[in-house]
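Here is a friendly briefing to read alongside the model. Please keep the viewer open as you go through the points.

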Amino acid sequence: RSRGLGDVYKRQIPNVFDTQNIAVARYGVSATPTTYLVDEDGRILWRRYGYLPGEEIRLREQVEVLLDH
């Protein structure tokens, strides 16, 4: 079984597939995949366009930084 970030950090971290293009309009998504870390007020805290090998490591590091604040 694959472990997601929510499993690792024991928190609810939603993973959204935007079938109605709401995020496209709100956050200006211009490429796929696009990854955002968004706070509870809808502010973008971190973003990454596209994918490169090892990107999941950078995402995990950024989640750790944000959880520490």
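Y49 counts as partly exposed at 39% relative accessibility (buried is under 20% relative accessible area, exposed is over 50%, and partly exposed lies in between, with a 1.4 Å probe and protein chains only). Y36, in contrast, is buried, with a relative accessible area of 16%. Their rings have centres 6.5 Å apart and planes at 90°, so the pair is edge-to-face (rings of Phe, Tyr and Trp, the last by its six-membered ring, pair if their centres lie within 6.5 Å; planes under 30 degrees apart are stacked, over 60 edge-to-face, and the rest tilted).

This is a predicted model, in which local features need pLDDT of at least 70, side-chain atom pairs count only at pLDDT 80 or more, and totals for chains, interfaces and linings use all residues. Residues are numbered from 1 along each chain as its sequence is written, and side-chain values use heavy atoms, leaving out hydrogens and water.

- How many aromatic pairs does the ring rule give? The count comes to 2 aromatic pairs.
- Y27 and Y36 form a tilted pair, 5.5 Å centre to centre and with 35° between the planes.
- Ring pairs join Y27, Y36 and Y49 into a cluster.

**Fold and confidence**

- The protein chain has 3 helices and 2 strands (DSSP runs numbered from the N terminus: H or I of at least four residues for helices, E of at least two for strands).
- Along the sequence, these elements follow the pattern α-α-β-β-α.
- The mean pLDDT of the protein chain is 78, and 78% of its residues reach 70 or more (pLDDT is the predictor's confidence in each residue, from 0 to 100).
- Which elements mark the two ends of the confidence range? Among the elements of the protein chain, α1 has the lowest mean pLDDT, 63, while strand β2 (residues 44–49) has the highest, 86.

**Salt bridges**

- A search of the whole structure finds 4 salt bridges (a side-chain nitrogen of Lys or Arg within 4 Å of a carboxyl oxygen of Asp or Glu).
- One of them joins R43 to D39, with the closest N and O atoms 2.7 Å apart.
- R43 also meets D41 in a salt bridge of 3.4 Å, N to O.

- E55 is found in helix α3 (residues 55–68).
- This glutamate is buried, with a relative accessible area of 9%.
- R58 forms a salt bridge with E55, the closest N and O atoms being 3.1 Å apart.
- Both R58 and E55 lie in helix α3, 3 residues apart, about one turn of the helix.
- R58 is partly exposed, at 34% relative accessibility.
- The side chain of E55 also makes a polar contact of 2.5 Å with the side chain of R48 (a pair of N or O atoms within 3.5 Å; within protein, one must be able to donate a hydrogen and the other to accept it, and residues adjacent in sequence count only if both atoms are side-chain atoms).
- Leaving aside residues up to four places away in sequence, E55 touches W46 and R48 (contact means heavy atoms within 4.5 Å).

**A backbone point to check**

- Most residues other than glycine have a negative phi.
- N21 has a positive phi of about 60°, although it is not a glycine.
- N21 lies in the loop between α1 (5–9) and α2 (22–27), and N21 is partly exposed, with a relative accessible area of 45%.

**Whole-chain totals**

- Of the 69 residues of the protein chain, 17% count as buried.
- Among contacts in the protein chain with a separation of 6 or more, 25% come from residues 24 or more positions apart.
- The accessible surface of the protein chain comes to about 5,800 Å², and 51% of this belongs to carbon and sulfur atoms (Shrake-Rupley method with a 1.4 Å probe; for residues, only the protein chains shown count as cover).
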